Amino acid sequence: EVQLVESGGGLVQAGGSLNLSCAASGLPFEDYAIGWYRQAPGKEREEVVCISSDYTTYYADFVKGRFTISRDNAKNTMYLQMHTLIPEDTAVYYCASEHYYCSHYPGYWGRGTQVTVSS
């Protein structure tokens, strides 16, 4: 059974930083792209950032220069460093994964972790 478990969410003031992690199990992690989506109340889910199995990265324009994604295949874990957070970053962040390349419709999802940025 594939499991993606997010951790690291919480409450932070605007301008602050937060780190998220996503630990994967049940799949050959090195062969999978993995990334983050987020959904704010009343809004559609949106892609945030992704790193493919060949370490190619994709960043949504609204996080470029502020967020950094990385992966540690030895630990089956992906990391997201978030800096200069703004209230608009408030959302539930979901870890998602798909075979090899980043996808608009990944097949595996975590349960999500809440990120709240106060103004």
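Biologist: What should I know about the model before we start?
Modeller: It is predicted, so local features need pLDDT of at least 70 and side-chain atom pairs count only at pLDDT 80 or more, while totals for chains, interfaces and linings use all residues. Residues are numbered from 1 along each chain as its sequence is written, and side-chain values use heavy atoms, with hydrogens and water left out.

Biologist: How many cavities of 30 Å³ or more?
Modeller: The search of the whole structure finds 1. A cavity is a set of points on a 1 Å grid over the protein atoms alone where a 1.4 Å probe fits but cannot get out. Points are joined across faces, edges and corners, and the volume is the space filled by probe spheres set on them.

Biologist: What volume does the largest cavity have?
Modeller: About 80 Å³.

Biologist: Which residues lie nearest its centre?
Modeller: Gly35, Tyr37, Cys50, Cys102 and Ser103, out of 16 lining residues. Lining means having an atom within 4 Å of a point.

Biologist: Which strand gives the most to that lining?
Modeller: S4, with 5 residues. Strands S4 (32–39), S5 (46–51) and S9 (91–99) each supply at least two. Strands here are DSSP runs (E, at least two residues), numbered from the N terminus.

Biologist: Now the largest nonpolar core. Which members touch the most others?
Modeller: Trp36, Met78, Met82 and Tyr93, among 29 residues. The core is a set of buried Ala, Val, Leu, Ile, Met, Phe, Trp, Tyr and Cys residues joined through side-chain atoms within 4.5 Å. Buried means under 20% relative accessible area (1.4 Å probe, protein chains only).

Biologist: And which strand has the largest share of this core?
Modeller: S3, with 4 residues.

Biologist: Switching to the open sheet. What's the strand order?
Modeller: S1-S3-S8-S7, with antiparallel pairing. Two strands pair if DSSP finds at least two bridges between them.

Biologist: Why do S1 and S7 each have a side without a neighbour?
Modeller: Both stand at the edges with a single partner strand, so one side of each is left without a neighbour in the sheet.

Biologist: How many bridges join S1 to S3?
Modeller: 5. Cys22 in S3 is the bridge partner of Glu6.

Biologist: Last one: Pro106. Where is it found?
Modeller: In the loop between S9 and strand S10 (108–109).

Biologist: Why does Pro106 count as buried?
Modeller: Because its relative accessibility is 8%. The C-alpha atoms of Pro106 and Gly65 are separated by 24 Å, and the two residues are 41 apart along the chain.

Methods:
On a 1 Å grid over the protein atoms alone, a cavity is a set of points where a 1.4 Å probe fits but cannot get out, and a pocket is an open set with protein on both sides within 12 Å along at least five of seven lines; lining residues have an atom within 4 Å of a point. Buried means under 20% relative accessible area, exposed over 50%, partly exposed in between (1.4 Å probe, protein chains only).
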